[in-house]
Amino acid sequence: MDKPIVGLVLAGGGARAAYQVGVLMAVAHMLPRDHGNPFPIISGTSAGAINAVGLAAGSMHFRRATAFLAKMWKGLHVSQVYRADWPYFARAFLAWGGSVLTGGKLVHNPASLLDNSPLRELLSQAVNFDGVSRAVQSGDLRALSLTASCYTTGQSVSFFEGRDDIDEWHRYQRLGVRESIGVDHLMATSAIPMVFPAATINGRFYCDGAIRQMAPLSPALHLGAEKLFVINLNTEHRPRSERRLAGDRPSLAMVFGHLLNSIFFDSMATDMERLSRVNHTISLLDEQVRCSGRTALKRVEVLNISPSVSLEAIAFKHVKKFPPAMRFLMRGAGAMRQRGSVLASYLLFDPAYGKELIDLGYKDAMARQDEILNFLQKT
């Protein structure tokens, strides 16, 4: 009997996505050195999509692909992701002020708060997009999917590249569209509204894939996954100081961090609960009903890995690593204080912070080594 097809789901979360690389490195080290890609289907959203493409492009050499991602995150600086210098912010604030004062007539409305053009340049140089098609042709990869939210239609669109026998899908407000994955798709899925400008694909504007993504597990299932390995970036752990000061008025950084948490984590938690209920329902059906094809429901085993400690607390230790202009802006918003460090945990692209998240992901995964190996190897 063949092993079930395992789908890897990489959630979004900005700079937090370095944690996923640590988990993937641990998986690579659990398996034999020459072991192939254990995830025939890879689905990513937002920053998780960057890891997804890097892994998919290197599927023929899984351990080498995880090492490449680790090297990238450990060397990543804010300046390689978005503009954070004084001249940029001076022009941006003048543009915002001029737009407000003139009603957008004399000065055009700014596209976003931050300019992420450095990220496009980095991804264009670092990611071997042709490797995805080669991995599909070699059989090391069944499919790769990246999800973005379309401003034009309001739909959640999962762009996928994979085997010819995979069909596109159309559900309520959800589409699966076959395309050759490129840098435009990565820019689209990671374009956090207001923070980064919208990206265009085929003449339509897109933003971060976590927006309006009501079923983040579904792309991997549509592509044929029978089991799901989910690397989440949410943590229920909160620093004691946050709980102790819970009655204080929230700062702008706390409000925005709360919104980002809602965008990136609520849909995933809801979808996980929904899948758990479906699995429970199936367990109540008798064997005859399950085997006769009288129900379309199928049990999907899920292994979910998430941070064991607060990523906000880790980010707080490194907030002074922001460039001076960004540090000034973050201090004004309250993000340099521990209670506002949620926002910092998304925007702080720094080698020391990235390394600590990778180390945490590696440690968390290794602590569950037996469970992970059993999940990946069980027929």
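Visitor: Where is E168 found?

Guide: First, the terms: helices (H or I, at least four residues) and strands (E, at least two) are DSSP runs, numbered from the N terminus. E168 sits in the loop between β4 (156-162) and β5 (169-171). The model is predicted, so local features need pLDDT of at least 70 and side-chain atom pairs count only at pLDDT 80 or more, while totals for chains, interfaces and linings use all residues. Residues are numbered from 1 along each chain as its sequence is written, and side-chain values use heavy atoms, with hydrogens and water left out.

Visitor: Which residues is E168 in contact with, leaving aside neighbours within four places in sequence?

Guide: Contact means heavy atoms within 4.5 Å. On that basis E168 touches F160, G176, V177 and R178. For a C-alpha to C-alpha distance, take L223: 8.9 Å from E168 in space, 55 residues apart in sequence.

Visitor: Now helix packing. At what angle do the axes of α2 and α6 cross?

Guide: Axes are lines fitted to C-alpha atoms, for helices over the stretch in contact, and angles run from 0 to 180 degrees between N-to-C directions. Here α2 (47-57) and α6 (residues 130-138) cross at roughly 55 degrees, with axes that come within 7 Å.

Visitor: What is the name for that arrangement of α2 and α6?

Guide: Angles under 35 degrees count as roughly parallel, over 145 as roughly antiparallel, 65 to 115 as roughly perpendicular and the rest as oblique. The helices α2 and α6 are therefore oblique to each other.

Visitor: Is the crossing of α2 and α6 left-handed or right-handed?

Guide: A crossing is left-handed if the near helix is turned anticlockwise from the far one by less than a right angle, and right-handed if clockwise. That of α2 and α6 is left-handed. From α2, the contact uses V53, A56 and A57; from α6, G131, V132 and A135.

Visitor: How do the residues of that contact divide by class?

Guide: Ala, Val, Leu, Ile, Met, Phe, Trp, Tyr, Cys and Pro count as nonpolar, Asp, Glu, Lys and Arg as charged, and the others, Gly among them, as polar. In the contact of α2 with α6, five are nonpolar, one is polar and none is charged.

Visitor: What lines the largest cavity?

Guide: Its lining has 17 residues, with A47, I50, V81, L119 and F349 nearest the centre. The largest share, three residues, is from α5. By class there are 14 nonpolar, three polar and no charged residues.

Visitor: And the second largest cavity: which element gives the most to its lining?

Guide: That is α10, with four residues. This cavity has about 90 Å³ of space. Its lining includes V9, L10, I263 and F264.

Visitor: How should I read the second largest pocket?

Guide: Its volume is about 360 Å³. Of 13 lining residues, L113, L252, F256, L329 and L343 lie nearest the centre. The lining has 13 nonpolar, no polar and no charged residues.

Conventions:
On a 1 Å grid over the protein atoms alone, a cavity is a set of points where a 1.4 Å probe fits but cannot get out, and a pocket is an open set with protein on both sides within 12 Å along at least five of seven lines; lining residues have an atom within 4 Å of a point. Grid points are joined across faces, edges and corners, and a volume is the space filled by probe spheres set on the points.
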